[in-house]
2 protein chains.
Amino acid sequence: MADKWTYAFGNGQAEGNRSMLDLLGGKGANLHEMSSIGLNVPPGFTLTTEICSHFIQTKGEYPEALVAEVTEAIQKLETIIDAKFGGGNGDQVLLLSVRSGARASMPGMMDTVLNLGLNAETVESLARATGDERFAYDSYRRFVQMFGDVVLGVEHYHFEDVLEEYKFDHGLKLDTDLSVEDWKTMVQKFMDLIEAETGKSFPSDPKDQLWAAIGAVFKSWTNKRAVTYRRLYNIPDGWGTAVNVQAMVFGNMGKGSATGVCFTRNPSTGENAFFGEFLENAQGEDVVSGVRTPQSLTALERQATASDLLSFEELMPDLYKELNDVRLILEKHYKDMQDMEFTVQQGRLWILQTRTGKRTVKAALQMAVDMANEGLIDKDTAILRVDPDQLDQILHPTLDPDAQTEVLGHGLPASPGAASGKLVFNADDAAAWAARGEDVILARVETSPDDINGMYVAKGVLTMRGGMTSHAAVVARGMGTPCVSGAGGIRIDCKAKTLSSLGEVLNEGDVITINGVTGEVLKGSVPTVEPKLDGAFSTLMEWADKVRVLNVRANAETLEDVVAARRFGAQGIGLARTEHMFFNPQRIVHVREMILAPNQDTRLKALDKLGEYQCQDFVQLFEVMDGLPVTIRLLDPPLHEFLPSKIRDIENVAAELNMPVEDVKKRTADLYETNPMLGHRGCRLGITYPEIYEMQVRAIFEAACNVKASEKIVIPEIMIPLIASLEEFSRLKALVINMADTVLAEYGVKIPYTVGSMIELPRACLQAGLIAEEAEFFSFGTNDLTQTTFGLSRDDAAPLLQSYLEKGVLRRDPFVSLDQSGVGELVKMGTARGRSARPDLKVGVCGEHGGDPRSVNFFHNAGLDYVSCSPYRVPIARLAAAQAALGVVFEDKNA
Amino acid sequence: MADKWTYAFGNGQAEGNRSMLDLLGGKGANLHEMSSIGLNVPPGFTLTTEICSHFIQTKGEYPEALVAEVTEAIQKLETIIDAKFGGGNGDQVLLLSVRSGARASMPGMMDTVLNLGLNAETVESLARATGDERFAYDSYRRFVQMFGDVVLGVEHYHFEDVLEEYKFDHGLKLDTDLSVEDWKTMVQKFMDLIEAETGKSFPSDPKDQLWAAIGAVFKSWTNKRAVTYRRLYNIPDGWGTAVNVQAMVFGNMGKGSATGVCFTRNPSTGENAFFGEFLENAQGEDVVSGVRTPQSLTALERQATASDLLSFEELMPDLYKELNDVRLILEKHYKDMQDMEFTVQQGRLWILQTRTGKRTVKAALQMAVDMANEGLIDKDTAILRVDPDQLDQILHPTLDPDAQTEVLGHGLPASPGAASGKLVFNADDAAAWAARGEDVILARVETSPDDINGMYVAKGVLTMRGGMTSHAAVVARGMGTPCVSGAGGIRIDCKAKTLSSLGEVLNEGDVITINGVTGEVLKGSVPTVEPKLDGAFSTLMEWADKVRVLNVRANAETLEDVVAARRFGAQGIGLARTEHMFFNPQRIVHVREMILAPNQDTRLKALDKLGEYQCQDFVQLFEVMDGLPVTIRLLDPPLHEFLPSKIRDIENVAAELNMPVEDVKKRTADLYETNPMLGHRGCRLGITYPEIYEMQVRAIFEAACNVKASEKIVIPEIMIPLIASLEEFSRLKALVINMADTVLAEYGVKIPYTVGSMIELPRACLQAGLIAEEAEFFSFGTNDLTQTTFGLSRDDAAPLLQSYLEKGVLRRDPFVSLDQSGVGELVKMGTARGRSARPDLKVGVCGEHGGDPRSVNFFHNAGLDYVSCSPYRVPIARLAAAQAALGVVFEDKNA
């Protein structure tokens with residue numbers, strides 16, 4: 001049991017401080033802190049979070065000592081303010097606010113009661129003390145309304161109804177049209193309403209009001225809104241909220257009173273300039289609600305917005321100066337940009353709140369670098385100031401903000417980036433149009449593995465159905481292709497080849513633009529601008545690179561992606577998917593020829609042709625990555641992924657390859673798999689069709705020899721996918737070495753290379769000790785490892801995951817953020833076993849998790865050598881790796 | 001390096017004995033043993049397996065000391081026999097046999113040379129010594145032919161050609177028509193042939209012959225046949241073969257000579273009676289080859305077969321008595337039934353070989369029990385004498401052996417048992433015909449998950465394609481339904497609904513019979529007989545039950561299977577699959593109604609109806625299993641398994657349910673999954689459709705209450721499938737407890753029950769410590785655990801597994817025999833973690849592996865409490881568990 005339940009602050013003193021976040025909540029701790037450093041904070045006291053836990057456990061009881069403590073705290077307040085709670089000190093009446101304040105910010109989720117302490121007597125005192133009867137009764141009716149809603153459970157709309165009816169009956173339009181008498185009537189009507197609804201009369205004793213309000217705020221910790229919010233943001237239920245009871249100050253006591261919100265620096269650009277808004281003669285909620293247009297804080301801002309209304313700086317220059325001093329004190333004190341609330345009550349400035357301000361990623365970068373350069377923080381702190389996930393917003397080409405756009409609809413921002421192109425409605429059309437050089441946007445109701453070839457060539461993907469983890473979303477993110485998924489308001493008819501929205505019908509070939517960052521779908525072509533990766537961004541990334549231990553590579557194989565990878569600072573290619581090169585329309589013919597070959601001769605001819613193409617690809621890859629390692633994964637997907645499934649397409653392929661339709665059909669049927677994810681793919685192809693892997697290895701080493709001849713440094717790493725046993729690996733390693741050495745001998749060239757294993761099956765993790773006897777490196781394929789460890793198909797899981805996340809069965813999507821306690825244990829086990837057999841084993845990750853900050857953090861702590869992710873996530877991984885090296889810890893939330 | 005390479009035997013002495021199996025091979029060790037216990041064995045010596053290893057490592061060299069040792073060994077032989085190798089002791093010529101003999105029997109896989117030592121001189125001595133020139137030259141040409149083939153590599157058919165041509169030219173029909181002169185000519189022709197083929201003349205020096213023959217036999221260890229055999233039977237390449245060089249004895253030296261094969265007990269029935277065959281004036285190969293019909297060994301046997309030919313007992317009564325003495329000595333010595341070879345050379349009995357005799361499972365049971373009762377062996381040894389896998393042959397109904405049958409074709413014996421029924425060609429027809437009470441055999445080209453409902457109702461399954469691990473085979477075995485798969489000679493046309501074979505065409509409705517033990521497909525209905533499970537079988541099983549620690553339960557849910565389970569000694573139901581009850585044609589309507597329900601009301605009505613059916617099922621289950629635990633698994637398969645996939649079927653279902661076709665189509669499409677194995681199934685259904693699990697739990701407990709009311713003991717264990725996390729389990733456990741307690745309260749009855757978890761995902765094994773906090777028992781679903789651990793779909797894996805087994809990438813099919821080093825480690829880990837959280841956690845296995853002896857052995861050693869398998873495999877598991885308790889060890893072969 002605690003021996004102290006309330007902590008007082010005010011008058012330049014405080015019993016708490018900002019380090020007491022757990023006990024006093026965020027808001028409370030900062031009120032104490034500000035008070036103790038001499039800022040003018042309305043005095044008050046905080047009821048600790050421990051009371052909340054006690055209150056919830058005992059279903060509504062308070063610790064014994066509390067009543068006495070609160071009584072004493074109120075007395076202290078009365079002394080400071082020189083006013084009495086409930087009256088009794090002339091007309092100097094102490095009114096209170098009662099607010100929640102948890103350890104983590106939960107904006108708007110819990111309840112607040114203002115103006116507490118008013119009743120038939122004290123309202124009259126207030127009227128006399130302020131000389132403003134209308135203000136007093138307006139405050140009173142606000143209190144009755146708020147208390148009735150929050151504490152007594154009479155829903156908000158009842159009060160609105162009563163007020164609206166009254167206004168209608170009396171021909172009044174605005175609240176400001178109501179007179180003192182009107183408000184007096186309203187107070188009575190509200191009280192009658194409450195009595196009618198609850199069967200009890202409104203409490204007039206301020207002490208009863210206070211205890212009821214405190215209880216309501218504590219209780220609001222468990223309201224549905226708050227519970228949902230905590231689930232979403234992974235805030236433990238056990239934390240509880242504190243309650244802050246504070247003397248009321250009023251920004252609406254006429255001219256000379258005001259209220260405002262401000263930031264110590266510009267939260268949008270990061271510029272070191274005071275920034276904010278205020279309203280004269282208003283309460284805090286008026287600024288936020290947008291009923292009146294707020295005025296600028298500074299003169300400069302006013303100029304920038306060309307406003308008629310005076311700025312705070314101009315209107316109340318002395319108070320502005322005082323506020324600016326507070327700004328400087330707070331920033332120096334907190335060493336971070338602050339988001340403050342202030343009120344001016346009849347010429348006196350009160351600071352109501354300060355907290356670390358939210359900011360755009362651009363501002364975050366700028367402030368972090370500026371503050372480090374100013375000496376306010378050190379570089380390590382600067383690195384920790386930017387959320388790696390947020391970086392994603394600035395790394396992709398974005399739509400030109402100056403362009404005129406016509407919005408067709410909205411979907412989910414499934415894969416970042418923006419793209420324009422001609423509409424096509426199926427994968428084969430996409431392939432055909434792309435083959436003749438058209439930029440296309442592939443629009444589908446939803447995508448399936450059959451659409452891969454179309455997605456590969458499309459500039460962007462748009463689907464009508466499917467969430468953030470739908471097939472389209474996942475595959476597009478993997479490819480780095482912009483995607484908007486689940487655009488339910490848009491109707492896509494793939495048979496008719498039309499896209500309809502807002503009464504407009506677009507046809508195949510019409511140009512649209514999608515914005516994968518916002519989810520917008522736009523008509524026509526909208527120009528994009530490449531992100532600028534200089535200035536604060538590049539400075540901060542440099543600092544991060546000096547700190548981090550984990551290397552960062554990219555998953556890339558197209559020239560575009562490989563170039564992007566280098567630009568984003570990748571230290572090599574961690575995953576070049578050779579099959580992505582197969583989907584190119586020129587090549588898929590030969591791929592199909594190979595698969596459908598009626599005899600060895602035809603098959604080898606097709607393979608030769610493919611080998612030539614692959615060699616060209618690898619030449620590009622090696623040239624761009626000059627001096628950096630390039631990990632090339634041999635063919636992975638099941639062969640049927642390259643075959644058509646619809647009868648018309650089968651007929652086309654048969655015609656193209658000059659084969660009987662029946663033969664194509666039969667082979668396609670033979671290759672069909674019930675569960676392709678667990679099918680004939682990966683190294684299994686290498687063992688059953690060694691000629692395919694031989695072709696690929698030959699192409700890799702011919703390319704390597706050619707590139708080396710142009711004085712470049714080539715570091716090939718051959719990676720074999722879906723290994724389950726040492727036996728598979730050693731056979732295929734022998735195949736690779738045999739072919740590699742043959743080619744190197746033909747060219748008379750020496751190029752050191754390594755042969756390693758994907759570790760993406762639970763069995764491979766278990767058998768890692770054996771596999772590492774032969775494998776020179778490991779790369780965890782955490783996508784597939786998650787699928788097999790969970791027994792969950794990523795192609796199908798979207799609706800289930802959605803439901804699991806909603807119900808809280810899972811806290812995080814394991815395909816987005818590594819399941820540390822399950823899949824993570826296998827990663828650790830595989831690494832430890834592998835290294836025990838081969839201490840210098842290089843271990844990396846090449847699943848999508850390689851670009852997720854939480855997962856990067858885990859991989860750092862698991863002692864991996866590198867992560868590899870999509871080029872556009874390389875900076876994210878670099879920053880996350882640096883933060884991990886600086887000791888940032890995430891909790892694993894999935895049980 | 002060994003200091004001794006050859007071991008001599010003969011004349012009542014031996015340098016080796018039967019314990020020296022590794023060094024002398026099986027044949028050699030037994031020759032030494034027999035010689036040392038005084039049996040009349042042709043003297044000889046054994047070249048050790050170590051020479052073989054040396055020979056192979058050095059690519060054809062012998063240890064230095066070997067030549068001297070062999071020379072000395074030959075001299076010893078010459079002394080014993082009083083004859084000289086290569087001549088020089090009058091006409092007493094020593095001829096030799098050179099035979100392979102590895103540690104494990106590899107019948108016919110390696111080479112043998114007989115009559116070695118003959119040349120132009122010694123053949124004349126042989127003629128004189130035996131007074132039979134024709135015999136001498138016949139032996140000579142046999143030697144030249146055999147040596148030419150085995151040692152010199154001139155293939156067999158060349159010699160046959162020469163002989164046939166000669167016979168044709170001279171108008172001779174049988175070998176016996178050839179005269180001495182003919183054989184002399186043949187010898188020359190054979191030698192000419194060899195010289196023409198090899199370019200070298202036939203070696204005449206017996207010493208050269210001997211070394212060449214020894215080399216050839218050692219080399220035959222690495223011939224393709226032998227290598228393949230070793231791979232198939234998991235015999236290590238490193239063992240090598242020994243070579244036995246032995247003085248020749250001849251059973252073909254006229255009347256008074258004979259040769260035979262005999263068993264110390266009847267290998268077919270197990271009866272304790274001497275049993276064998278012999279031929280007068282013949283060599284051993286004549287008995288085996290079947291060129292002449294062998295005669296009975298005993299008079300009794302001769303009577304039984306009503307043969308005209310005298311038995312050995314009648315023909316050579318003294319020698320028979322001597323042989324019978326040998327029989328008794330050997331059986332007492334080896335304490336097991338022996339398979340012996342003997343030769344009588346001119347009135348003298350020689351024992352050529354003894355080894356443990358192969359036997360039918362019936363005989364194995366009888367002998368094991370008899371020998372234990374006779375005191376020859378103890379009961380533990382008796383238990384170890386029967387191969388559990390072999391038991392499968394006698395547990396299923398078999399075709400009446402007296403019935404007349406007409407064979408239509410053959411396939412693979414994919415799932416044991418025999419069944420007759422009317423031919424149907426698709427699953428829906430099967431369901432429809434079965435619904436009106438017909439017995440049907442479902443014939444398909446191959447089966448897929450779409451056929452499950454048809455397979456469930458069919459009496460037997462026949463497929464044209466697919467191996468022992470095809471979908472049809474696996475599913476049928478799982479259901480205990482007889483199946484013949486891959487009957488390639490039979491053409492099944494599912495469109496035309498015909499089955500054609502041997503020129504005959506059968507139509508839908510025609511009756512056929514399949515025999516899942518032999519793979520035979522028969523026309524018409526063939527009566528079956530139920531196996532008798534009394535006598536030796538039941539005695540041995542009783543003994544086994546006393547020894548074993550592991551409990552054995554059955555996977556069963558139909559009345560038929562549950563009754564069988566009890567009959568076969570199951571100690572409970574380890575897995576009742578509630579969904580199997582759904583496939584019944586009466587019920588699937590309601591299942592579909594539930595899935596397709598447009599609103600909650602319709603869904604609940606359908607569920608109510610299903611609940612009634614399920615309750616009836618559970619009543620049966622509990623009644624039969626009175627007093628034994630019954631583990632019921634809640635719904636597991638994805639819902640789409642219950643929906644039709646073909647458009648015609650969709651239309652039918654829509655009509656049946658009075659729904660628009662489009663709605664059925666849409667819902668079917670919505671439920672479609674790319675990888676159903678990793679899909680929306682198991683506990684995921686329970687979480688997303690709690691009403692289904694609630695219905696099932698209500699049905700279980702209503703049934704339990706009803707059965708308990710009839711004075712029976714009900715022990716329900718509710719099992720939740722596909723658990724990946726504690727979160728899933730604890731939510732569903734709460735659901736189960738809530739509903740169970742509601743029902744029990746309604747009935748006012750107390751029934752103790754437990755709630756446990758399937759452990760069938762790698763993540764569940766990793767998280768077992770957490771899951772066991774809530775789960776009261778674990779049941780490893782090793783089928784699915786194998787699929788996810790390996791990343792291998794059982795529905796698709798057949799061709800790949802076939803290829804992997806052929807290439808030796810895998811040594812065993814992991815779906816048949818548990819992958820101990822991979823999946824097995826997860827089983828051990830899950831058990832250990834589970835028990836560390838809950839020391840009294842009951843842990844079982846309910847995958848197909850529960851009926852595989854090797855796997856049962858593993859589960860015993862992993863400390864599991866029980867295995868559960870198909871009813872027909874319960875005795876197999878009981879025996880395997882007993883053998884495991886007696887310390888039988890299997891090696892894990894998959895790397």
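**Inside the packing**

Guide: Let's begin with A:Phe622. If we skip its neighbours within four places in sequence, A:Phe622 is in contact with A:Val630, A:Ile632, A:Ile700, A:Ala703, A:Ala704, A:Val707, A:Val714 and A:Pro716. Keep in mind that this is a predicted model.

Now zoom out a bit. A:Phe622 belongs to the largest nonpolar core, which has 326 residues. Together with A:Leu391, A:Ile720, B:Leu391, B:Phe622 and B:Ile720, A:Phe622 touches the most other members of that core. There is also a second, separate core, this one with 71 residues, and B:Leu94, B:Leu96, B:Val150 and B:Ile194 are among them.

Next, the aromatic rings. Over all chains, the structure holds 42 aromatic pairs. Take B:Phe858 and B:Phe859: their ring centres are 5.9 Å apart and their planes sit at 75 degrees, and since an angle over 60 counts as edge-to-face, that is what this pair is. Are these two buried or exposed? The cut-off for buried is under 20% relative accessible area. B:Phe858 has 7%, so it counts as buried, and B:Phe859, at 0%, is buried too. Rings can also gather in a group: A:Phe55, A:Tyr62, A:Trp211 and A:Phe218 form one aromatic cluster.

A:Arg230 lies over the face of A:Trp221, 3.8 Å from the ring centre. In chain B, B:Arg436 lies over the face of B:Trp433, at 4.7 Å from the ring centre.

How do the two chains relate? Chain B can be superposed on chain A by a rotation of 179 degrees with 0.2 Å of shift along its axis, giving an RMSD of 0.4 Å. That is the relation of a two-fold axis. Of the interface residues of chain B, 100% are also interface residues in chain A, so the copies meet through the same surface.

Note on methods. Residues are numbered from 1 along each chain as its sequence is written. Chains are lettered from A and ligands numbered from 1 in the order in which they are written. This is a predicted model: local features need pLDDT of at least 70, side-chain atom pairs count only at pLDDT 80 or more; totals for chains, interfaces and linings use all residues. Side-chain values use heavy atoms; hydrogens and water are left out. A nonpolar core is a set of buried Ala, Val, Leu, Ile, Met, Phe, Trp, Tyr and Cys residues joined through side-chain atoms within 4.5 Å. Buried means under 20% relative accessible area, exposed over 50%, partly exposed in between (1.4 Å probe, protein chains only). Contact means heavy atoms within 4.5 Å. Rings of Phe, Tyr and Trp (its six-membered ring) pair if their centres lie within 6.5 Å; planes under 30 degrees apart count as stacked, over 60 as edge-to-face and the rest as tilted. A charge sits over a ring if NZ of Lys or CZ of Arg is within 6 Å of the ring centre and within 35 degrees of the ring normal. Copies are superposed by least squares on the C-alpha atoms of residues with pLDDT of at least 70 in both.
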